[in-house]
Amino acid sequence: MKLSYDWLQSYFTSPLPPAKDLFASLSNHSFEVELDGEAKILPDRSADCLSHLGVAREVAAVLGLEMVAAAEPVFKLDPGLAAPTVKIETLLARRVMARQVTASSYGMTPDWIAQRLLTVGGHRVSGVVDVSNYVMFELGQPVHIFDAGQIQGQMMVRVARVGESIELLGGRVVKLDADVLIIADEAGPLDVAGIRGGARAAVTGASRSLILTVCNFDPVSIRRTARRLDLLTDAAKRFENNLSPAAAAPAMLRLTELVLELGRGARAGQLFDFYPNPELSVKINFVPQAINQLLGTNYTNEVISQKLQSLGVEVSLLGTSWQAVVPVWRRDLKIWQDLAEEVGRLGGYDQIVSQSLPDNFSSVSNEPQVVQAEQVRLTLAQHGFVEVYGSSLRANGEVKLVNAPAVGREFLRSNLTDGLIETLATNWPRRIFDHESLKLFEIGTVFPASNEEKVHLALGARTAKELVDVLTVLDIKASPISKNGFFVVEVVLTDVKLLSAAIDSWPEFLTDNQYQPVSPYPRIVRDVSLFVPIGTDSATVAEKIKAVAGPLLTLGPFLFDVFDRGEQRSLAFRLVFQSHERTLTDAEVNRAMSDVTAALNSTPNFHVRES
Amino acid sequence: MKPRRAGQISSVVELPFCKRAVVGSSPTSGFMKQDGRGHLHLLTQAERRARAIFQQLGFATVGGPEVETEYYNFDALNISADHPARDLWDTFWLEPRSASRLLRTHTSPVQIRYLENHPPPVRIIAPGRVFRYEATDATHNYQFHQLEGLVVDRQINLAQLKGVVEEFLRQFFNLADLATRFRPSYFPFVEPGVEVDILWRDKFVEVMGAGLVHPTVLDGVGLDPEVWSGFAFGLGLDRLTMIRHGVDDVRYFYDGHIGFLQQF
């Protein structure tokens, strides 16, 4: 939810810290708030903090500020305007409040409300609609207003009948079925309860008599319906998180107040309030010392009480036991460990002094399969194999996904071979020398049958010969199979028996290298050969080439041919040029090669060979 | 054999090369290292690094299945079917949907499986592949790797969680003064729940979720929460590795490009 800084400020007389600091404090003590005010409210706090009042309470607790006491809405009720009656036919409605308001017309949205709606990403519709949205963003309680003139006969809250449908605000028509909770009249559905209003009794410019409703519905029912109908609305989000039915009353007061302010000659009627099972306050017994023990802190009883009280929790000592009475809006506080979290986060996790674990764990035994995978990996790497991680999702297999992420990713892989051959084939053209050895392996989980999950090893290369040595070391009897020009062996990992256990050569294979971007553009390969005096270090020659070849040299120089003739030694190097920005031209590479040739020829006793 | 003329574009090179070599080792373009050894995948290296650090701290490494049941992936972790917290994990379901089998969305099911079969005290890590049904981009992939940690003992506390996590991160990044930050967060299977950031190049970056094992989870595996307590954490190995090695696209880990693999 997007937070408005000015709106939050309105709850306090003392100035709040600058937005950046305020949001950082909330991030450190409550929930993540980005610099632009976007608050990441997770399900534990969605019942109270998807509202500015809820967040202001957090601000008060985190910063130790006193909130301005909310002014009780003041308005007169018209005794002549009776409470609407709503027939409640389902236990899924936990509270239903309704009230009639009449006026000769309703004005525009007041600027201060329009402004606040704008900063939280809402949009203006009309005075009546805007104030009802406003109440939700202020208090977290969704509300809905009907045009009383369009309601036919008795209003009711019930589940839909099979075959019923409703035209929603915005025009979409949805089919309802027997477990969708609706508000209806004698002509049919008016509203998908707690989720989205219907078009038939929507408030328009012509509306004079309104029915204000503030309800609370079963969160599971709301969640199921919202998902089934794909109506993930702001209202549904609040109800599915088990908003307190107690929150309805203050929202009805606020809504009535704001609608009365809009109406010319407005009158508000008596209240209908169906609330058969008023919720009782949650009481938690706790031991302050247990909270300290769980956090690893040494807070005094007074500090613990004070932190809880700053959140609206009433703390009392009953004999020897401490009791916390949780405010109705905090639906997430149920057990004493929840209270420990409140103490810990308000005190600040940075204030908790880190400790070590007790040193009572001397023997560590890893699962055999972990040890085996490690030894096989090391053995293969020592034999020149490069490890790959393939995709677990492929176009073929025995186990199908209900929801594939992409075409060609509909199944769990049933083997490693198919993926490994693809990887061999895509990498083969990337070699610099024709008969270079490209040896790959993967250790990974495969799903060969519906209820089967196994860890396999697959290794592959261009020729079967390249696999022979390591197959012997791993005591793998299976012969390489040939497919698409490569040879691959795949076995169950636990069937691999190392003839000689790999020594722990990990340090040789752990790198701190920083990633260098891999260019998507084609490369150009060139060779240079030269005569040098016998005794010349080829590495020095390579350095010399590297120094003058320019920034387009991406690989090499690789020394690939050496022979002696008399007092001279011939060296041949291969160079690979590639750009990260574009496809190189021959001319560019020719220039680089001329620089290389010139630099080598200018070295005493070096002669670049012309062919 | 004859080297090609300087200036000629390579298509095919005649080999065997080096037949007449009298100095140096055989050439390689870098598929292998200069000495003929191969490369272990960067995520294998990261996992190994992590395991070595945790092993010193007394953690054993265990595994768990990638295909899970709804029970182990969610219910046993205090994430009930109709709770909005389910939305925090976008899930791949397997056919038939009625069987409620899925690709694990986190390594946390290993906590339950392990505790069901091993009495405390427990000190384990469980690295492994996990899956999320989400759009793929440079920082998100439908498969990635997590490393789960779990400690259950008498009187385990949040200060110890901090100590272990900080020690791990300092050693993993090889930075004795690495700054970390613990923020409140929410995961249904821990209470309190935290998120851990590291200060990396002047910015805080999120690296893991953690917390004290929720009493409901302990209760579910038959452990009395008034006697036993524990902490758990789940770190993203791909993410930690990207940070450590400056990798800017998670997909490199899985597309098998030799130009990437041979760098490490």
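Author: Let's begin in chain B, where helix α1 (residues 42–56) and helix α6 (residues 237–245) pack with their axes 10 Å apart, at an angle of about 100°. Axes are lines fitted to C-alpha atoms over the stretch in contact, and angles run from 0 to 180 degrees between N-to-C directions. Helices (H or I, at least four residues) and strands (E, at least two) are DSSP runs, numbered from the N terminus. The angle makes α1(B) roughly perpendicular to α6(B) (that is, 65 to 115 degrees).

Before going further, a note on the model and its labels. This is a predicted model, in which local features need pLDDT of at least 70 and side-chain atom pairs count only at pLDDT 80 or more, while totals for chains, interfaces and linings use all residues. Residues are numbered from 1 along each chain as its sequence is written, and chains are lettered from A and ligands numbered from 1 in the order in which they are written.

Back to the helix pair. From α1(B) come Leu42(B), Leu43(B), Ala46(B) and Glu47(B), and they meet Leu237(B), Asp238(B), Leu240(B), Thr241(B) and His245(B) of α6(B). To be in contact, two residues need C-beta atoms, placed from the backbone, within 7 Å. By class, five residues of this contact are nonpolar, two are polar and two are charged. Here Ala, Val, Leu, Ile, Met, Phe, Trp, Tyr, Cys and Pro count as nonpolar, Asp, Glu, Lys and Arg as charged, and the others, Gly among them, as polar.

Chain A has a helix pair to set beside this one. The axes of α10 (residues 288–295) and α12 (residues 336–347) of chain A come within 9 Å and cross at roughly 65°, so α10(A) and α12(A) are roughly perpendicular to each other. On the α10(A) side you will find Ala290(A), Ile291(A), Leu294(A) and Leu295(A), and they meet α12(A) residues including Trp336(A), Leu339(A) and Val343(A). This contact divides into eight nonpolar, two polar and no charged residues.

Now for the strands of chain A. Five of them form an open sheet of mixed pairing, in the order β1-β5-β8-β9-β10 (strands pair if DSSP finds at least two bridges between them). At the edges stand β1 (86–88) and β10 (196–197) of chain A, each with a single partner strand, so one side of each has no neighbour in the sheet. Within this sheet, β5 (residues 155–159) and β8 (residues 181–185) of chain A are antiparallel, paired over four bridges, and Met156(A) stands opposite Ala184(A) of β8(A).

Further along chain A, eight of the 10 residues of strand β25 (residues 524–533) are buried (20 or more other C-beta atoms within 10 Å; exposed means 12 or fewer, partly exposed in between). Strand β27 (residues 568–577) of chain A runs antiparallel to β25(A) and is joined to it by 10 bridges, with Val528(A) partnered by Phe573(A). Two bridges also join β25(A) to the antiparallel strand β28 (residues 607–608) of chain A, where His607(A) is the partner of Phe531(A).

The loop between β27 and α18 (586–601) of chain A holds His580(A), a partly exposed residue with 13 other C-beta atoms within 10 Å. Beyond its neighbours within four places in sequence, His580(A) contacts Pro517(A) and Ser519(A).

Finally, where the chains meet, 107 residues of chain A and 97 residues of chain B take part. Strand β26 (residues 553–565) of chain A gives the largest share of the chain A side, eight residues.

Conventions. Parallel < 35°, antiparallel > 145°, perpendicular 65-115°, else oblique.
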